[in-house]
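Me: I have a structure open here and would like to talk it through. Could we go over it piece by piece?

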Amino acid sequence: MPGEPQADCLFCKIVEGQIPATIVRESDTTVAFRDINPQAPTHVLVIPKVHYRDAAALAAAEPTIAADVLREAQTVADEEKLESYRIVFNTGAGAGQTVWHAHAHVLGGRGLAWPPG
C-alpha cells in the first residue's frame, strides 16, 4: 500500500535500520545518506521515510513530505559547503531509477555538464 513500508524495498530497510547506511541527516520525515556508488565528490540521497514509488507519486499523495525532501536537500548542500549543486529525481527505468522508492540525489563538488547523461 502506498505510504507504507515495503518488505522488499532497500530504502525502506534503511529507514527501518535493517540495512546500514552512512547517514548524514535525519528529520521526522526524511533520511539523507551517502550513495554507495557516488557520481560526484558529494553524492547524497535524500529519501522520505514513507514509501512511494517515485517523486511524482510522493508529490501527489504527500506534497508536504515532498517539500521536506527538497528542504533537506538544501540543508545537505549547505552542510556539505556546496556552492553549486544539482538535485535529481530519476523517474522510471529509462531515466535511471533503480530503487522504486522516491529519492533525490544531491550531487556536487565538481562541474556538472549539461545536458546530463
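**A buried valine, and outward from there**

Reply: Val 69 has a relative accessible area of 1%, so Val 69 is buried (buried is under 20% relative accessible area, exposed over 50%, and partly exposed in between, with a 1.4 Å probe and protein chains only). This is a predicted model, in which local features need pLDDT of at least 70 and side-chain atom pairs count only at pLDDT 80 or more, while totals for chains, interfaces and linings use all residues. Residues are numbered from 1 along each chain as its sequence is written, and side-chain values use heavy atoms, with hydrogens and water left out.

Me: Where is Val 69 found, and what does Val 69 touch?

Reply: Val 69 sits in helix α3, where helices (H or I, at least four residues) and strands (E, at least two) are DSSP runs numbered from the N terminus. Not counting residues up to four places away in sequence, Val 69 touches Thr 30, Val 46, Ile 47, Pro 48, Leu 58, Phe 89 and Ala 104, a contact being heavy atoms within 4.5 Å.

Me: And Thr 42, buried or exposed?

Reply: Thr 42 counts as buried because its relative accessibility is 8%. Thr 42 belongs to strand β3, and, with neighbours within four places in sequence set aside, Thr 42 is in contact with Glu 80, Leu 82, Val 106, Leu 107 and Gly 108.

Me: Changing topic, how is the protein put together, read along the sequence?

Reply: The protein has three helices and five strands, and along the sequence these follow the pattern α-β-β-β-α-α-β-β. Of the contacts with a separation of 6 or more, 52% are accounted for by residues 24 or more positions apart.

Me: What is its radius of gyration?

Reply: The protein has a radius of gyration of 13 Å, which agrees with the value near 13 Å that a compact globule of 117 residues would have; the radius is taken over C-alpha atoms, and the globule rule is 2.2 Å times the number of residues to the power 0.38. Along the principal axes, the C-alpha atoms fill a box of roughly 40 × 30 × 25 Å, and buried residues make up 38% of the 117 residues.

Me: What about the largest pocket, and which residues lie nearest its centre?

Reply: The largest pocket is lined by 30 residues, of which Asp 35, Gln 39, His 43, Asn 90 and His 105 lie nearest its centre. On a 1 Å grid over the protein atoms alone, a pocket is an open set of points where a 1.4 Å probe fits, with protein on both sides within 12 Å along at least five of seven lines, and lining residues have an atom within 4 Å of a point.

Me: Which element gives the most to that lining?

Reply: That is α1, with three residues.

Me: Which loop holds Lys 81, and what is its phi near?

Reply: Lys 81 lies in the loop between α3 (63-79) and β4, and its phi is near 60 degrees, a positive value in a residue other than glycine. Lys 81 is exposed, because its relative accessible area is 71%.

Me: Which peptide bond is cis?

Reply: The bond from Trp 114 to Pro 115 is cis, with omega near 5 degrees, and Pro 115 is found in the segment after β5. As background to both points, most residues other than glycine have a negative phi, and most peptide bonds are trans.
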